[in-house]
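Biologist: I am new to this structure. Please take a close look at one part of it, the place where the two chains meet.

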Amino acid sequence: MHETKKKNAFKRETTVTLIVLMVLPVLNWLVFWLYVNVSSLALAFQHPRTGEFDLVNFKLLYNSITMKGGEIGIALRNTGLFFAVHLLITLPLSLFIAFFLYKRVYGYGLYRIVFYLPAVIPSLVMVTAFKNFIDPDGPLGAVMKWFGNPLPPEGLLARTSSSVWVIVVYTIWTGFTTDVLLFTGGMARIPTEIIEAAKLDGCGPAREVVSIVLPLIWPTISTQIVLLFTNIFSAGGPVLFLTNGKYETSTIAFWIFTQVYGNGQLGGTGSYNLVSCAGMSFTLISVPLILGIRKLMSKVDTVEY
Amino acid sequence: MLNVKRKRRMDETASILTHKSGKEKILYIIISVLFGLYALTIVYPLLFMIINSFQFYLEYNSATNPFALPSSWHFENYITAISKMNMVDSSGREIGLVEMFFNSIWFCFVTIFGGVFCSACTGYCLSKYNFKLRNAMYTIAIFSMTIPIVGNTGAMFKLTSDLGIYNSPLYVILSSLGGFGFNFLVMYGFFSNVSWSYAEAAFIDGASQLKVFFQIMLPQAFMSILTLSIVAFIRVWNDYMTPLLYLPDYPTVASGLYIIEQSFTRSGDYPSYFAGLVLSTIPVIIVFASCSDVIMKNFSVGGLKG
């Protein structure tokens, strides 16, 4: 009898504990995740002026994507470019850097700190320093002038032909931070016995990379690739600070931001329907893409160690 | 004794990794030089900005040699940045750098405390308690991380307006109380590996379940909480989109300096603006410099060690 009473009291206490600890995060999830996403779904099907349910936002979205010089079309093209650059350039280069940091290249202690700095220093600071550096009157301009090939007077960021590529260079320049950190972390956990045994068997550096390091850190690489695909529509750089979307440099993330932010007027712009419609359409595209890439990545055998 | 063993092991590891043949040595020197050049490209623009933050603004605006050092060092640019550089909010009130720093600090504090604490709560409850909604909650947490919903900013903006928390500190408090994101996974992983026998021993001694969580479990998670807090501090200090969108009258240094820069003309006082940027960087650099080991050591596959 006494035992049952004690058990019941413990159960009651468990319920109270769970409620006390979980009530705030659950309420937060219900309001800021569930309600927001359901309401975003509804907004996608609502007419921006009348509020009636129709497909006008989808027609607008389609036209803006297919129209020559359409804002969303340009943003989509640039987002794809930034995604491809990260996947095909930044990620492999990060692996390269991480490998040599792992192999204790001369000065590695300093390099691993400096290479992470772009993730620590505020974007505005990095962008301001970068803009000053590439200014026609800045250090790059002076060097180019010295070589007899001066930069255009309006600067590289103020020309449609070069602006996106300048942002691409910026994203590569500042993009190694987390990837390098994670890959170095993965490599650091490779048991030294394996490397030692391989060296005793006469394994060269190239063989070490291909046959030992890459297979052993594949879980980290595949996680990063999946994450990259998961955030495919967020790909881009600090467009707001670099060009404010001018000179055909907009991305999907920047376009969404400007649709709500406008010119910074109090209360926003109120144009949420097209944003929600575009967001829903891009989410629908990304779901099979993410599931497909996850399946593909899981097909590669991983090594347990 | 343990430290001696660990040091010996580290020395062995280092020797295996650092031992290089003659040809390899040349390759490593070339790579080291390339890495050095890349490191220089990161450090040089920052030095360029720091040096120019001491220039007289007319000298900076008319400079013809970008590599030249200031003819005289104007430390007062930093005083100008703190006392005179400001933006105007929606009611016409001037907001200076000091107030922006204050906003950044409370913004960071509230967001980190709310986010990390709530994640510790959900991570603990879902890993240690077996209740009806447990599996559903775990599935939802994973699902919301796996499938990112694009473009819900409009709906979020509308919601904050409807709730009356737009342009209010309440927005920061309420929106920070999330417990189902990346932080949740780390805390869930950590608490899953903590033995429940500590709690059972405390229950026998008459401790309540909340006391067990706050006095036994949370202190054990200190390193995970610290790492998450450092990463969150850097992220939140540098976040300019959230204050620009939802808190226009509460600018942080990240968003406020951008608004100030927007009002500049070509002949503006850029050296003082650079001084403001340098000041805005100091807190994150201090945190990173003192905690870089924690960040570097605790990162692992797909995120942080549980």
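Modeller: Start with one pair. B:Asp293 forms a salt bridge with A:Arg112, and their closest N and O atoms are 3.8 Å apart. The term covers a side-chain nitrogen of Lys or Arg within 4 Å of a carboxyl oxygen of Asp or Glu. The rule finds one salt bridge across the interface of chain B and chain A.

A word on the source. This is a predicted model, where local features need pLDDT of at least 70 and side-chain atom pairs count only at pLDDT 80 or more, while totals for chains, interfaces and linings use all residues. Residues are numbered from 1 along each chain as its sequence is written, chains are lettered from A in the order in which they are written, and side-chain values use heavy atoms, without hydrogens and water.

Now the wider interface. Helix H2 of chain B, residues 22-52, gives the most to the side that touches chain A, with 19 residues; helices here are DSSP runs (H or I, at least four residues), numbered from the N terminus. By class, that side of chain B has 68 nonpolar, 28 polar and eight charged residues. Ala, Val, Leu, Ile, Met, Phe, Trp, Tyr, Cys and Pro count as nonpolar, Asp, Glu, Lys and Arg as charged, and the others, Gly among them, as polar.

In contact terms (heavy atoms within 4.5 Å), 104 residues of chain B meet 98 residues of chain A. The area buried between the chains is about 9,100 Å², and carbon and sulfur atoms give 76% of this. Buried area is the accessible area (1.4 Å probe) that two parts lose on being put together, summed over both.

Note on methods
Helices (H or I, at least four residues) and strands (E, at least two) are DSSP runs, numbered from the N terminus.
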